[in-house]
Amino acid sequence: MAAPTFSAITLHVNGEKHTLTVDHRTTLLDALRERLDLTGTKKGCDQGQCGACTVLVDGRRTVSCLQLAVAAEDREITTVEGIADGERLHPVQQAFLDLDGFQCGYCTPGQICSAVAVLREHAAGWPSAATADVRPEAGPPPLTDEEIRERMSGNLCRCGAYVSIVQAVARAAASGQQAEEAAA
Amino acid sequence: MTTTPELRQAVGTAHTRVEGRDKVTGAARYAADHPFTELAHGWLVLSTVGRGRIRAVDTGPVLAMPGVLTVLHHGNAPRIRGDFVTMLGVPPEPTSVLFQHDRVPHAGWPVALVVAETPEQAREAAEALVVHYDEEPPDLDFRADRGDARPVDGHLPAVAEKGDLEAELAASAVVVDAEYTTPEEHHHPMEPHAAAARWEDGRLEVLDSNQGSTWVVSVLAQMFSLDPGAVRVRSEHVGGGFGSKGVRAHQVAAAMAATVLRRPVRVVMTRRQMFSLAGHRSPTVQRVRLGADAEGRLRALEHRCLNPTSTVQDFVEPGAAPARVMYDAAAHHTANLVVALNRPTPTWMRAPGEAPGSFALESALDELAEQCGLDPIELRARNEPTHGPVSGLPFSGRNLLACFREGARRFGWAERDPRPGRRRDGRWLLGTGTAAASFPAGAGPSTAAVTAEADGTFTVRIGAADIGTGARTAITLVAADALRTTPERVRVRIGDSDFGPAMIAGGSTGTRSWAWAVRAAAAELRERLVPGATIPPQGITARSDTTEAVGALAAAERHSFGAQFAEVAVDTATGEVRVRRMLGIFAAGRIVNPLTARSQFLGGMVWGISMALHEEAVRDPSSGVPVGADLAGYHVATHADVPLLEADWIDDPDPDDPVGIKGIGEVGIVGAAAAVANAVWHATGVRHRDLPIRPDRVLRAAAEARHA
């Protein structure tokens with residue numbers, strides 16, 4: 001008899017704990033969608049090439065189609081359903097809505113999760129391929145449109161909403177900056 | 001008539017998408033997002049051979065695998081019909097008439113469906129299924145001089161000819177004679193094709209992702225020999241379509257399996273399967289011959305477009321059609337031809353005909369301008385027709401030159417040095433280019449129902465599809481104006497075949513067709529509402545059917561137009577082409593919602609960049625199997641490829657449409673690839689007549705130019 005191919009695991013998603021038994025082959029994406037009914041995270045290619053399934057795992061963006069559910073045990077997972085603060089949209093979500101940073105909306109959850117992480121990565125001083133000065137002491141580079149485009153390029157949008165997405169991310173970044181300055 | 005002074009007109013005012021909040025929070029459910037108890041999962045198995053016959057399907061070992069419920073194939077599948085014509089005037093898509101015979105006409109032909117309890121089990125079993133074939137050598141040889149190429153009428157006549165072409169060419173002071181090619185291209189909406197089917201209270205219910213639920217219902221009903229009322233298709237949110245989301249193998253497979261198993265079944269195409277099952281734009285080889293007098297006035301125009309179709313259905317990509325609208329000449333010959341090969345059947349893809357055709361025609365115009373020593377916009381102005389060059393019919397509105405004037409002003413065209421290869425920015429050569437755009441403006445019959453609710457709000461029901469176009473929001477705005485209320489008091493429900501027949505989201509006709517029907521029903525409702533009277537709990541409903549009104553439209557040349565401008569930078573060391581900026585100005589009827597319309601135009605222009613520089617599907621020349629069949633192998637433009645693009649429009653209401661709409665879904669891509677290619681010529685002095693303009697092609701062309 002072959003070894004068991006199912007395991008009981010615990011997933012922490014959007015601040016809630018879920019205990020479930022999964023096939024070892026189940027991806028985090030399929031576990032979220034098929035088992036936890038969190039269908040906001042989308043399957044665009046199932047190969048890690050389009051970014052539609054992007055979620056945050058311990059705060060870092062991850063394509064959930066390339067992560068096995070069993071490997072996500074005890075990690076903090078945030079999906080698009082957990083980005084807003086209750087009824088209040090996250091500044092990234094609000095900017096996407098106001099500036100029409102989407103058309104069909106299918107890549108949108110991935111774009112939004114990615115953008116939330118981009119703003120954090122940038123604030124933490126992470127460089128990108130578009131960064132001129134990559135020395136650690138240089139600090140975060142200016143978040144130019146070119147920086148946003150480079151950092152968001154793992155998320156395809158076939159409707160071609162890129163112009164508005166970049167504007168939305170820039171606006172969310174600016175509003176985050178304002179909030180920080182107001183708090184300081 | 002009294003008007004409420006504080007009521008602002010909704011049409012023409014920017015409005016965020018009414019379902020936008022659901023889309024940014026992940027609440028919007030698409031076809032594969034609906035849970036069902038007892039849901040089974042189907043996985044399609046496609047042929048690995050390029051042509052032949054199925055000898056045997058080894059179902060035994062697969063049926064013994066954990067969770068496997070059934071394996072459907074030509075030997076055991078229910079019989080369905082495929083011998084009818086759909087509401088779009090064509091037979092069902094060949095791969096959708098599943099498992100009815102043992103022939104394999106091309107690689108990627110669906111040969112079986114494995115259904116299992118979980119997606120993991122279905123996938124493993126589908127990949128383990130062994131299918132034996134008697135192979136035959138496929139014919140995959142696509143080239144311009146195929147002796148068996150033949151003209152085929154699609155939605156347009158294949159051939160239109162007037163005048164003596166050779167005589168006019170011989171008498172021309174300047175002649176351009178060039179061949180252009182475009183590759184196989186794929187729609188690849190971000191949402192893969194998906195459908196879940198189940199039998200509920202004697203009805204076949206399908207949750208689907210499509211461009212028209214009544215279209216899908218009518219096809220499924222005919223295939224399964226059911227009364228159309230016994231089938232319901234819902235498609236509330238659709239993750240992009242671009243022409244690919246009609247009736248395809250997935251809905252039929254889900255319906256078949258749900259019928260056999262008597263439980264809900266979901267079938268989703270994999271991204272790889274979409275290269276074979278979702279349709280595509282066929283490659284084209286096009287020849288354009290232009291003859292002009294010394295002042296650049298056309299005497300001869302010939303455009304021939306050849307595309308491969310499958311051996312099981314003719315699909316013609318009418319690339320020669322735009323010439324019949326754009327430019328006149330004493331001798332005017334256009335022809336669309338096909339050759340049948342062992343390839344999947346192509347289909348409509350955003351601006352079918354116009355997208356590849358405009359690349360060839362508008363590149364040739366640029367070449368003619370160069371040879372005549374004329375500015376490309378001036379050349380077009382000198383050839384602006386007063387009537388349809390082939391039809392002789394008047395234009396319902398042709399603001400092409402106004403688009404060029406506005407675009408030239410905003411783009412700074414007047415400062416352009418027409419000589420190629422003059423501008424440099426470090427290692428980058430810079431150039432600018434322009435091209436014209438057009439796309440037919442049409443409408444299809446639709447029905448709608450508008451209900452005045454007891455609480456003072458209104459509900460609109462129409463079998464429309466919002467595939468990302470913003471149709472749901474546009475209909476809301478049109479209804480609000482027609483009902484003399486605010487958009488907030490109007491709820492629009494779409495994507496349900498039970499709402500009655502309606503036009504599909506296709507051919508840039510959706511919003512116009514649906515707005516027409518909604519406006520008519522709203523007008524009827526207003527007549528029936530007695531001021532001050534109480535509305536009963538069930539509301540008061542008025543219905544409309546625009547069949548007669550749409551059919552009564554007088555014959556005319558009805559089109560949207562546009563002018564595309566692009567600036568590119570070409571890396572002389574690597575051959576990389578980068579678009580630096582782009583501007584599109586359109587004359588495309590009344591713009592219902594400026595916010596979403598801009599997105600749609602820009603999306604079309606992004607497609608133009610993608611077509612010009614990135615997209616190219618490759619097939620193994622011996623089998624026809626797609627190579628690099630994923631989004632890493634098939635490149636579509638991403639964030640880093642798209643600079644700040646601008647799209648705008650001029651006032652251009654259609655005089656014969658109740659709202660003034662023409663349609664904006666497709667004109668944005670038309671001419672865009674040509675504008676980029678013309679800019680590459682201006683940057684480098686080298687013409688690129690084969691898309692995409694890959695770095696290796698740029699380097700090779702530069703080397704050849706040096707040695708010429």
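This is a predicted model: local features need pLDDT of at least 70, side-chain atom pairs count only at pLDDT 80 or more; totals for chains, interfaces and linings use all residues.
Trainee: Why is the packing of α2(A) and α5(A) called oblique?

Mentor: The two helices pack at about 140 degrees, with their axes 8 Å apart. Roughly antiparallel begins over 145 degrees and roughly perpendicular covers 65 to 115 degrees, the rest being oblique; α2(A) and α5(A) are therefore oblique to each other.

Trainee: Which residues of α2(A) and α5(A) meet?

Mentor: On α2(A) they are P91(A), V92(A), A95(A), F96(A) and L99(A). Their counterparts on α5(A) include S164(A), Q167(A), A168(A), V169(A) and R171(A). By class, this contact comprises 8 nonpolar, 4 polar and 1 charged residues.

Trainee: How do you know that α3(A) and α5(A) are oblique as well?

Mentor: Helix α3 (residues 108–123) of chain A and helix α5 (residues 162–183) of chain A make an angle of about 45 degrees, and their axes lie 11 Å apart. Roughly parallel requires an angle under 35 degrees and roughly perpendicular starts at 65; the pair α3(A) and α5(A) is therefore oblique. The crossing of α3(A) and α5(A) is right-handed.

Trainee: Which residues bring α3(A) and α5(A) together?

Mentor: Q111(A), A115(A), V118(A) and L119(A) of α3(A) meet I165(A), V169(A), A172(A), A173(A) and G176(A) of α5(A). The contact divides into 7 nonpolar, 2 polar and no charged residues.

Trainee: How many residues join chain A to chain B, and what makes a pair of residues a contact?

Mentor: There are 49 residues of chain A in contact with 45 residues of chain B. A pair qualifies if the C-beta atoms, placed from the backbone, lie within 7 Å. Helices α1 (28–35), α2 (91–99), α3, α4 (145–151) and α5 of chain A each supply at least two residues of this side. The side of chain A that touches chain B has 22 nonpolar, 14 polar and 13 charged residues.

Trainee: Why are β3 and β12 of chain B called edge strands?

Mentor: The open, mixed sheet of 7 strands runs in the order β3-β5-β1-β13-β10-β11-β12 in chain B. The strands β3 (68–73) and β12 (231–234) of chain B each pair on one side only.

Trainee: How do you know that β3(B) and β5(B) pair, and in which sense?

Mentor: Pairing requires at least two bridges. The strands β3(B) and β5 (residues 110–116) of chain B have 5 bridges, in the antiparallel sense. Within β5(B), V114(B) is the bridge partner of V71(B).

Trainee: Which kind of peptide bond joins L691(B) and P692(B), and what is its omega?

Mentor: The bond is cis, with omega of about -5 degrees. Most peptide bonds are trans. P692(B) sits in the loop between α16 (672–684) and α17 (695–707) of chain B.

Note on methods. Residues are numbered from 1 along each chain as its sequence is written. Chains are lettered from A and ligands numbered from 1 in the order in which they are written. Axes are lines fitted to C-alpha atoms, for helices over the stretch in contact, and angles run from 0 to 180 degrees between N-to-C directions. Helices (H or I, at least four residues) and strands (E, at least two) are DSSP runs, numbered from the N terminus. A crossing is left-handed if the near helix is turned anticlockwise from the far one by less than a right angle, and right-handed if clockwise. Two residues are in contact if their C-beta atoms, placed from the backbone, lie within 7 Å. Ala, Val, Leu, Ile, Met, Phe, Trp, Tyr, Cys and Pro count as nonpolar, Asp, Glu, Lys and Arg as charged, and the others, Gly among them, as polar.
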